[in-house]
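Hi,

Here is the structure I promised to pass on. My notes on it follow below; have a look whenever you get a moment.

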Amino acid sequence: MKQALRAAACAVCAACVAFSCTASAAGVTSAPRDAGALACAPLSANPTVTQASATLPAHPKRIVVLEFMFAEALLSLDVTPAGMVDTAYYPSWIGYGVERMQSVPDVGTRQEPSLEAIAALKPDLIIGVGFRHAPIFGALQSIAPTVLFQFSPEMKLDGAQATQLEWARRIFDTIGCMTGRTVQAQAIERQLDEGLARDAKRLADAGRTHADFALLQELGLPDRYWAYTSNSMAGGVARKLGLTLWPAQPTREGTTYVTSEDLLKRPQMSVLLTSATGPEVKLEAKLDSPVWRFVPARREGRVTLVERNVWGFGGPMSALRLSRAVTDAVLSLPTAEAQLGASASR
């Protein structure tokens, strides 16, 4: 069963200022910065960085990225990647700045990037993730200076349990520093904060604060899903919106496997289902199973689809999209209290 779940999951998933001189991973010398700009820090002291070349370019122009969230980060900073892995999947999973990604060369997969394809692009910086690319760090930095980030929500940030939202924002700020675009990064951070506050107010005005919900991702298997946990990006967004995300138990990946049977025990909870298919497959067809018929959320009309493939492992722009999607979905559903009142009046 675990192998089947892994196979299905694989199928679905097919802080700083501009550098004035060459930056060292052990210590960064930064130019004077504008008031309010993000502050640079040595990469060696940055908890999100697992490995970094000793010397990095001051203003990298040709950057190869080995994970979607780094492409999203660069695009939001007005930098088009010189190359990226799994380019065919970016439009459906992320979608941000997709028109600028159409001409970006593909350099293999996230799991197995092509060293030859990367070298052919003559990059001046490579950005990857430690859990995938640590084994080839030496080979990567023989091509160009390389930085590998750690992206795991089961970490503490500034002494507190971090969600993927806070962690991703720290990574984004660091990329803003590495590329000399801290002013742009700060503007994106403000845009995210304003969007989260706006959505939180919409929910509060509707009396939906503290609503209990689950965000599930289809895996292509009947009655089996990924559920985003409290330390996922969805968990971080939910906290900012004043909502309660189930399950509350954090996991290393920010997700856990659940079944529709698990939902039987949550009578007050609404369910937001992230679809892996197009709009041609209706919600009713997805919930057509003997177990789903008895799930309180389904029986009371508190299950809805959210945008297809809302990416839960991205950066600020993905978080902004996720916040809108969750807010719209929650506001579209009846409250559990309203359902109880309707039942009592009958």
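L243 touches L203, R208, H210, A211, F213, A238, V326 and V330, leaving aside residues up to four places away in sequence (contact means heavy atoms within 4.5 Å). L243 is also among the residues that touch the most other members of the largest nonpolar core, along with F70, F149, L215 and L272. That core has 68 residues, where a nonpolar core is a set of buried Ala, Val, Leu, Ile, Met, Phe, Trp, Tyr and Cys residues joined through side-chain atoms within 4.5 Å. Buried here means under 20% relative accessible area, with a 1.4 Å probe and protein chains only. Helix 13 (residues 316-332) gives this core its largest share, eight residues. A separate second core of 16 residues includes A214, V271, L273 and V295.

A word on the source: this is a predicted model, in which local features need pLDDT of at least 70 and side-chain atom pairs count only at pLDDT 80 or more, while totals for chains, interfaces and linings use all residues. Residues are numbered from 1 along each chain as its sequence is written, and side-chain values use heavy atoms, leaving out hydrogens and water.

From first C-alpha to last, helix 8 reaches 21 Å, close to the 21 Å expected at 1.5 Å a residue (1.5 Å times one less than its number of residues). Just after helix 8, G180 takes a positive phi of about 70°.

Overall, 53% of the 346 residues count as buried.

Cheers

Definitions and conventions
Buried < 20%, exposed > 50% of the residue type's maximum accessible area, 1.4 Å probe, protein only. Helix = DSSP H or I, 4+ residues; strand = E, 2+ residues; numbered from the N terminus.
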